[in-house]
Amino acid sequence: MGDVLLALSLPVLVFGGGIYAACDCWWRRGHPAPPSPYTHRAARLAEREMLLLAEEIVDDAHAALSPLYDAPGPCRHTVG
């Protein structure tokens, strides 16, 4: 008798879990969760970090290439 109950309890548990998941999905469609403020804060922090990284890249490029633009060289082409 114990084996029969065990064999029948597994499909009942699977079926019950499916019913619970379907009801939970239906409930959440009608009652969505409000947006989390932490996601907006995380996006702002990531944006700030990306901006600092971009500024660092531009500053490094300017420091590396500034000798090319400091003093103008002689003009090779003459108008005339």
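**Salt bridge, helices and surface patches**

Modeller: A search of the whole structure finds 1 salt bridge, the term meaning a side-chain nitrogen of Lys or Arg within 4 Å of a carboxyl oxygen of Asp or Glu. This is a predicted model, in which local features need pLDDT of at least 70, side-chain atom pairs count only at pLDDT 80 or more, and totals for chains, interfaces and linings use all residues. Residues are numbered from 1 along each chain as its sequence is written, and side-chain values use heavy atoms, leaving out hydrogens and water.

Biologist: Which side chains meet in the salt bridge, and at what N to O distance?

Modeller: Both partners lie in helix 1 (residues 2-30), 4 residues apart, about one turn of the helix; helices are DSSP runs of H or I of at least four residues, and strands are runs of E of at least two, numbered from the N terminus. The side chains that meet are those of Asp24 and Arg28, at 3.5 Å.

Biologist: Is Arg28 buried or exposed?

Modeller: Buried means under 20% relative accessible area, exposed over 50%, and partly exposed in between (1.4 Å probe, protein chains only). Asp24 has 27% and is therefore partly exposed. Arg28 has 54%, so Arg28 counts as exposed.

Biologist: Why does Ser66 count as buried?

Modeller: Ser66 lies in helix 2. A polar atom of the Ser66 side chain is 3.4 Å from the backbone oxygen of Ala63. Ser66 counts as buried because its relative accessibility is 19%.

Biologist: What share of the residues in the chain is buried?

Modeller: The chain has 2 helices and 0 strands. Its accessible surface comes to about 8000 Å², of which 68% belongs to carbon and sulfur atoms. Of the 80 residues, the buried share is 1%.

Biologist: Which residues form a nonpolar patch on the surface?

Modeller: Patches take residues with over 30% relative accessible area and no salt bridge, joining like charges within 9 Å and nonpolar side chains (Val, Leu, Ile, Met, Phe, Trp, Tyr) within 5 Å. Leu68 is found in helix 2 and is exposed at 61% relative accessibility. With about 390 Å² of accessible area together, the nonpolar patch is formed by Leu65, Leu68 and Tyr69.

Biologist: Which residues form a negative surface patch?

Modeller: Asp and Glu count as negative, Lys and Arg as positive. Asp60 has its place in helix 2 (residues 37-70) and is partly exposed at 49%. The negative patch is formed by Glu55, Glu56, Asp59 and Asp60.

Notes: Accessible areas come from the Shrake-Rupley method with a 1.4 Å probe; for residues, only the protein chains shown count as cover. The place of a charge is taken as NZ of Lys, CZ of Arg, CG of Asp or CD of Glu. A polar contact is a pair of N or O atoms within 3.5 Å; within protein, one must be able to donate a hydrogen and the other to accept it, and residues adjacent in sequence count only if both atoms are side-chain atoms.
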